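Please look over the structure below before reading on. The notes after it cover selected parts.

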Amino acid sequence: MRMLVTGGAGFIGANFVLDTIERRPDAEVTVLDALTYAGNRDSLSPVAGRIRFVHGDICDAALVDRLVAESDVVVHFAAESHVDNSLHDPSPFIRTNILGTFTILEAVRKHGRRLHHISTDEVFGDLPLDAVEQFTEETAYDPSSPYSASKASSDMLVRAWVRSYGVEATLSNCANNYGPYQHVEKLIPRQITNLLTGTRPKLYGAGANVREWTHVADHNDAVHRIIDGGRIGHTYLIGSGDERSNKEIVELILELSGEPAGAYDHVADRPGHDLRYSNDSTKVRTELGWQPRYADFRAGLAATLDWYRQNEWWWKPQKTDTEARYGILGR
């Protein structure tokens, strides 16, 4: 299999590449990544000699066309993905997530290649805190931020290209991910690295907002199963079933670090902050036999905390710039 992975130096994409090399030793993997602030080529260092890395932009139609022509399968992770950044400046999200996906789709259509498109459950908006309702593959889109709106747009493009042009594509929408190589701007690694640098963790508002947390290894296992056995044109929701409030997350990080549960600071809440996400992942479980291996969130979080403790070389260069951006945003 000749596989092109867009955004393969980002958090989920890099973990996917590492996993692919382990489970598909005969695969020829090409990574296309623009190496914006959230991309880190060092994340691929364990497999650097076994992949081809191309530093480039998914909006570069000529480059994308050439790389897609040389591939059998395209796995499209590349995206701007941080809500706070999209609220501050939406323009990179419109360009990368919409125009970039269009560029990928046109190359896939031209060369008749298989595509899997990675998306997020944030395209569905949010759910009430006091309900058992979950998102399903049939839930109407209702995005709340420029980020989620741009991802919703990219999903719709993929669906339209499947229907209008017969592109062989599948889609997946995943719950919040955590694990190694996640940029320190995100909730879990930011609070972990705050503690590791002697800074008190930060919590938006009252911290009541709830997310479903899925380990990145479980997410990528589901992606491989969809690539191998997913039905063309279908969407699959991925989620562990483990829901936690942001307050619970911060307090658990403090507990695992041996710190008092209340040793954090409240900051102004994010505008339009979604209340709750929860995915009904019955389809991917029943059709493709997927089950999360990291069913114990506490154990998965402890392992993630250990990874950041042991890999300061990877995250320390990001930390100063990240905190400076949060300072501009007042968070």
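This is a predicted model: local features need pLDDT of at least 70, side-chain atom pairs count only at pLDDT 80 or more; totals for chains, interfaces and linings use all residues.

Residues are numbered from 1 along each chain as its sequence is written, and side-chain values use heavy atoms, with hydrogens and water left out.

**Helix H1**

- Helices (H or I, at least four residues) and strands (E, at least two) are DSSP runs, numbered from the N terminus.
- Helix H1 covers residues 11-23. The expected span of a helix is 1.5 Å times one less than its number of residues.
- H1 is mostly covered, with eleven of its 13 residues buried. Buried means under 20% relative accessible area, exposed over 50%, and partly exposed in between (1.4 Å probe, protein chains only).
- Among the buried residues of H1 are Phe11, Phe16 and Ile21.
- The cover over the buried residues of H1 includes strand S1 (2-6), strand S2 (28-33) and helix H7 (216-229). Contact here means heavy atoms within 4.5 Å.

**The second largest pocket**

- On a 1 Å grid over the protein atoms alone, a cavity is a set of points where a 1.4 Å probe fits but cannot get out; a pocket is an open set with protein on both sides within 12 Å along at least five of seven lines; lining residues have an atom within 4 Å of a point.
- The second largest pocket has a volume of about 200 Å³. Grid points are joined across faces, edges and corners, and a volume is the space filled by probe spheres set on the points.
- H1 gives the largest share of this lining, four residues. H1 and H7 each supply at least two residues.
- The lining of this pocket has five nonpolar, two polar and three charged residues. Ala, Val, Leu, Ile, Met, Phe, Trp, Tyr, Cys and Pro count as nonpolar, Asp, Glu, Lys and Arg as charged, and the others, Gly among them, as polar.

- Tyr181 is one of the residues lining the second largest pocket. Tyrosine 181 is in the loop between S7 and helix H6 (187-196). At 11% relative accessibility, tyrosine 181 is buried.
- Most residues other than glycine have a negative phi. Tyrosine 181 has a positive phi of about 70°.
- Leucine 35 has a positive phi too, near 55°. Leucine 35 sits in the loop between S2 and S3 and is partly exposed, at 29%.

**The largest cavity**

- The whole structure has one cavity of 30 Å³ or more. The largest cavity holds about 70 Å³ of space.
- Of its 13 lining residues, Val83, Ser145, Arg270, Gly272 and Asp274 are the closest to its centre.

- Asparagine 173 lies in strand S6 (residues 169-174). Asparagine 173 is buried, with a relative accessible area of 0%.
- A polar contact is a pair of N or O atoms within 3.5 Å; within protein, one must be able to donate a hydrogen and the other to accept it, and residues adjacent in sequence count only if both atoms are side-chain atoms.
- The side chains of asparagine 173 and serine 119 make a polar contact of 3.3 Å.
- Aspartate 242 is in the loop between strand S10 (235-238) and strand S11 (243-245). Its side chain makes a polar contact of 2.7 Å with the side chain of arginine 244.
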